[in-house]
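The following paragraphs lead the reader through one structure, from its strands to its core and on to some individual residues. Please keep the sequence and the model in view while reading.

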Amino acid sequence: MFPRISRSTKNGKAYEYLVVSESVHVKGKGSTTRNIANLGNIKRFSGHDIENLIDGFIRIFKLESYCLSEDVEVVESLEHGSIIFWQKIWDELGLSKTIRSQVKRRDKRVKLEVEKYVETMVINRCIDPLSKLGTTRWIERTCYKEMKGYRDLPLDVTYFYRSMDHLLKIKDDLEFAIFEKLKNLFSINVKLTFYDITSSFFYSDSCTLSENGYSRDNRPDREQIVIGVVTSYEGYPIKHYVFQGNTKDETTVKDVVKDLKKTYNIEETTFVGDRGMITKLNLDNLEGEGFDYIMGVKHRQDEICNMLVLEQDFEKDYEIYRGLKVRERRVKVKDFLIWKSKKIMREQKAKLTDDKFEFLEKEILSLSNKSEPTFGAYKDIFGGIIKGIDSKVCQKIFRGIKKYQGKYEDELRYIICLNEERKAVSQKKREAHIIKLSKELDKVFLQNRRDRKDSDTEKALNKIFEGYKVKFKRFFTIARDTKSKKAVGYGLNQKAIEQEKKFDGIFVLLSSRYDLEPCKVVETYKNLKEVEMLFDDLKNFVDIRPIRHRLEVRVRAHVFLCVLALLLKRIFEINYMGDKCIMEPLEEISKSKLVKYKVNFSKREARTQTFPKVTNTTPTQRKYFNMVGIRNPMSLEKFVW
């Protein structure tokens with residue numbers, strides 16, 4: 001049915017009529033038209049009459065949804081693409097269902113829809129990290145406000161805080177449930193687990209967790225907390241910890257190892273940690289739980305590393321791995337103790353002969369892991385080797401032997417790596433500092449300043465070597481007057497400089513995995529960068545800092561929300577993007593908006609209707625939506641109007 005103009009001629013005059021016609025099919029003749037109504041001579045109708053006629057049809061037959069009008073007003077544009085994108089990954093893990101069931105299991109009286117508040121806070125941190133109060137206002141700018149199940153969600157900030165409290169109560173159970181889900185969905189590899197810690201500072205100083213400590217944010221002026229994260233080999237966060245701000249790296253390992261074994265039922269794994277984690281206690285804990293390890297070593301502080309680096313020629317018997325010179329060295333604890341004991345005795349300028357030292361050597365070689373050496377027995381041996389040996393020297397040697405009790409029969413595997421580029425840079429920096437400090441020392445010891453007070457000279461020397469420059473002090477020797485002890489000059493300590501050169505560009509790994517090739521051990525340790533990348537995202541992508549909460553439970557819950565947001569990011573990054581940069585995809589999907597527009601159907605009457613529409617999806621946007629399983633990003637089925 002349609003309107004048309006019908007033309008006819010009468011008495012030589014042409015007439016035009018407005019008629020309503022329909023198409024009909026006549027057997028044997030085909031399709032033709034048939035007039036249903038004749039509305040009269042078209043010249044009788046003005047533009048106003050036609051408007052009234054159309055308006056009447058729209059009103060009578062309720063055809064507003066099919067009306068076209070120039071009078072269209074855009075009411076609001078809501079964040080859409082980013083919301084449904086992250087919500088899809090959230091739903092893939094089944095997090096809402098898991099949170100809801102665990103909260104109910106813990107307390108059936110809870111009526112609060114905790115899972116929805118947690119979801120909005122986590123997704124907010126993936127899109128536009130804000131405070132909890134800011135999140136309540138942010139939701140009003142997103143498609144959440146029109147989404148089924150969220151439209152009538154109360155947005156008082158107290159509901160968000162209460163949800164955080166409930167979330168923290170189920171933290172351990174939820175993390176374990178996520179771990180099990182990751183194993184099923186992505187077959188994560190827990191044969192290698194990585195652990196590292198970072199810190200984040202406060203703007204509040206009244207939280208029981210906040211303390212001053214070593215700041216990885218370069219904010220020593222602020223109190224902080226320490227955060228530890230365990231990841232799978234691929235980089236998925238599977239467990240996190242929150243410690244007081246003054247907690248040391250190495251003291252955090254015990255709880256981690258215990259959880260991996262007893263809570264997560266990981267019977268076999270290689271624990272990979274940074275050099276700040278390595279202590280005898282930590283290695284004992286790892287070995288006690290049956291875990292292997294690959295740990296970075298503070299080689300300047302580790303006495304066995306000192307022996308390896310200082311006493312051996314690194315330029316022989318090495319492999320090349322990604323520009324690094326890699327060399328494996330296996331050290332028996334007994335051999336090291338013999339070397340160390342000789343070194344201490346020779347430092348005392350004692351006349352040490354091999355035949356006399358043989359008594360101590362045999363005693364050390366006879367030790368077993370069950371041996372419990374006593375100082376009295378060894379003191380007699382020391383006295384037999386060197387007559388009149390100082391008691392303090394004896395105690396020093398014995399303490400060194402006693403330190404390795406329980407490990408006398410062990411063999412330690414060290415992987416020493418040399419980066420030639422770093423070596424050259426380190427030497428260049430050190431030389432520059434030595435030259436600069438030498439010039440400052442020259443000013444102190446100028447001839448025309450000999451009359452200055454001793455106290456002034458000492459103050460000047462202390463100022464030269466204050467702060468970070470104190471580590472360069474060992475490269476200088478200050479000459480002093482034998483009687484007055486006044487500082488009268490300086491010189492370079494060439495022995496210390498040459499010794500330090502041997503450490504340039506070096507990093508050392510200690511591993512209990514004897515089955516791995518040295519280069520494989522290095523490659524595994526290098527993957528610890530995944531945790532470091534996670535920490536970068538923690539501080540920049542989800543923007544964990546600064547923490548403004550005062551209550552300990554809220555601080556812990558805030559960290560948990562941030563870790564959950566990181567988990568979503570890592571799933572997209574690893575599972576869908578193959579570890580490629582995700583900034584361009586996230587920017588593209590953020591352009592998808594849910595637009596609400598209002599149409600005015602009549603200029604004579606106040607008849608309007610509001611319509612929703614998702615902006616047209618570009619091929620690039622569709623690719624990323626389809627990637628996570630969103631087939632029709634323009635669908636309005638999730639929304640209520």
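In which sense do strand β16 and β17 pair, and over how many bridges? Strand β16, residues 593-600, pairs with β17 in the antiparallel sense, and seven bridges join the two. The model is predicted, so local features need pLDDT of at least 70 and side-chain atom pairs count only at pLDDT 80 or more, while totals for chains, interfaces and linings use all residues. Residues are numbered from 1 along each chain as its sequence is written, and side-chain values use heavy atoms, with hydrogens and water left out. Two strands are said to pair if DSSP finds at least two bridges between them; strands (E, at least two residues) and helices (H or I, at least four) are DSSP runs numbered from the N terminus.

A parallel arrangement is found around strand β8. β5 and β8 pair in the parallel sense over four bridges, and T193 stands opposite F271 in β8. Four bridges also join β8 to strand β9 (residues 292-297), again in parallel, with V272 opposite I294 in β9. Between β8 and β9 the chain passes through helix α9 (residues 280-288), and this β-α-β crossover is right-handed: with the strands pointing away from the viewer, the path from the first strand over the helix to the second runs clockwise.

In a regular strand the side chains alternate between the two faces of the sheet. In β8 (residues 270-273) both faces are covered, with T270 and V272 buried on one side and F271 and G273 buried on the other. Buried means under 20% relative accessible area, exposed means over 50%, and partly exposed lies in between (1.4 Å probe, protein chains only).

Nonpolar side chains tend to be buried together in soluble globular proteins. A nonpolar core is a set of buried Ala, Val, Leu, Ile, Met, Phe, Trp, Tyr and Cys residues joined through side-chain atoms within 4.5 Å. The largest such core has 156 residues, of which W86, L182, Y414 and F572 touch the most other members. Helix α20 (residues 552-576) gives the most to this core, with 16 residues. Contact means heavy atoms within 4.5 Å; leaving aside neighbours within four places in sequence, the contacts of W86 include I123, F541, L568 and F572. A second, separate core of 15 residues includes F445, A460, F475 and F476.

The loops hold several aspartates to examine. D217, in the loop between β5 (192-201) and β6 (224-231), is buried, with a relative accessible area of 10%. Its side chain makes a polar contact (a pair of N or O atoms within 3.5 Å; within protein, one must be able to donate a hydrogen and the other to accept it, and residues adjacent in sequence count only if both atoms are side-chain atoms) with the side chain of K539, at 2.8 Å. D543, in the loop between α19 (529-540) and α20, has a positive phi of about 55° although it is not a glycine. D543 counts as partly exposed, at 32% relative accessibility.
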